[in-house]
Each structure stands twice: as C-alpha cells, then as structure tokens.
Amino acid sequence: MKKIVTALASYGMSGEVFHAPLITSNEGFELKYILQRTKDTALLHYPEVIIARNFETILNDKEVELVVVNTPNQLHFPLAKA
C-alpha cells in the first residue's frame, strides 16, 4: 500500500501531543515535513522528518498529498486556502 505523504503545519502542543503521534502510528501515512519556523524540537522525536522553515516549502513539494493545518485559528483559513 502506498503511504500518504503528509506534512504537519506546526509543532506546538497539538502537533507534539496529538497530530504527529497519530500520523506516525498509522502505517498508511508518511510524515515528511513538520513546520517549525525557528526550532528543531520535532527532530528529537522524529529524526526522519524534514523541518520546514516556511509553509511554501511544503506547498512546493509535489510529493506532499496531505497537510494537517493545526495552527492557531487565525491562520487556518489562509493556510488551508493556500
């Protein structure tokens, strides 16, 4: 089965506690990117991911099939629209 190449739009509390663990525990998904603008803390738990410093990096990767938008509410619409 081909895995769904996935990106996570932030690695705050929801990304660290809920989204990343759920994505990586399901064999149907491959977590390729985690967006962290300034930190690399996601690499402590997910050393195989690529840290994206901006959202455009994720959008420009044609392999990415799913983006989990788990950002603060004011950013949901602009990121989902992009």
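**Close-up views of a predicted model**

View 1. You will find Asp61 in the loop that runs between helix H3 (55–59) and strand S4 (66–68). Which residues does Asp61 contact, once its neighbours within four places in sequence are left aside? They are Lys32 and Tyr33. With Lys32 the meeting is side chain to side chain, a polar contact at 2.7 Å. Tyr33 lies 28 residues from Asp61 in sequence, and their C-alpha atoms are 9.9 Å apart in space.

**View 2. An aromatic pair.** Here we turn to the rings, where the count comes to 1 aromatic pair. Tyr11 and Tyr46 make up this pair in an edge-to-face arrangement, with 6.4 Å from centre to centre and 90 degrees between the planes. The pair links distant parts of the chain, since its members are 35 residues apart. Tyr11 sits in the loop between strand S1 (4–8) and H1, while Tyr46 belongs to the loop between helix H2 (42–45) and strand S3 (50–52). Both Tyr11 and Tyr46 are buried.

**View 3. A nonpolar patch on the surface.** Four side chains to pick out here are those of Met13, Val17, Phe18 and Leu22, which form a nonpolar patch. Is Leu22 buried or exposed? Leu22 has a relative accessible area of 58%, so it counts as exposed. This residue is part of helix H1, which spans residues 13–25.

Key:
Residues numbered from 1 in each chain as written. Predicted model: local features only at pLDDT ≥ 70, side-chain atom pairs only at ≥ 80, totals over all residues. Heavy atoms only, no water. Helix = DSSP H or I, 4+ residues; strand = E, 2+ residues; numbered from the N terminus. Contact = heavy atoms within 4.5 Å. Polar contact = N/O pair within 3.5 Å; in protein donor to acceptor, adjacent residues only side chain to side chain. Patch = residues over 30% accessible without salt bridge, like charges linked within 9 Å, V, L, I, M, F, W, Y side chains within 5 Å. Areas by Shrake-Rupley, 256 points an atom, 1.4 Å probe, with all protein chains shown as cover. Buried < 20%, exposed > 50% of the residue type's maximum accessible area, 1.4 Å probe, protein only. Phe/Tyr/Trp six-rings, centres within 6.5 Å; stacked < 30°, edge-to-face > 60°.
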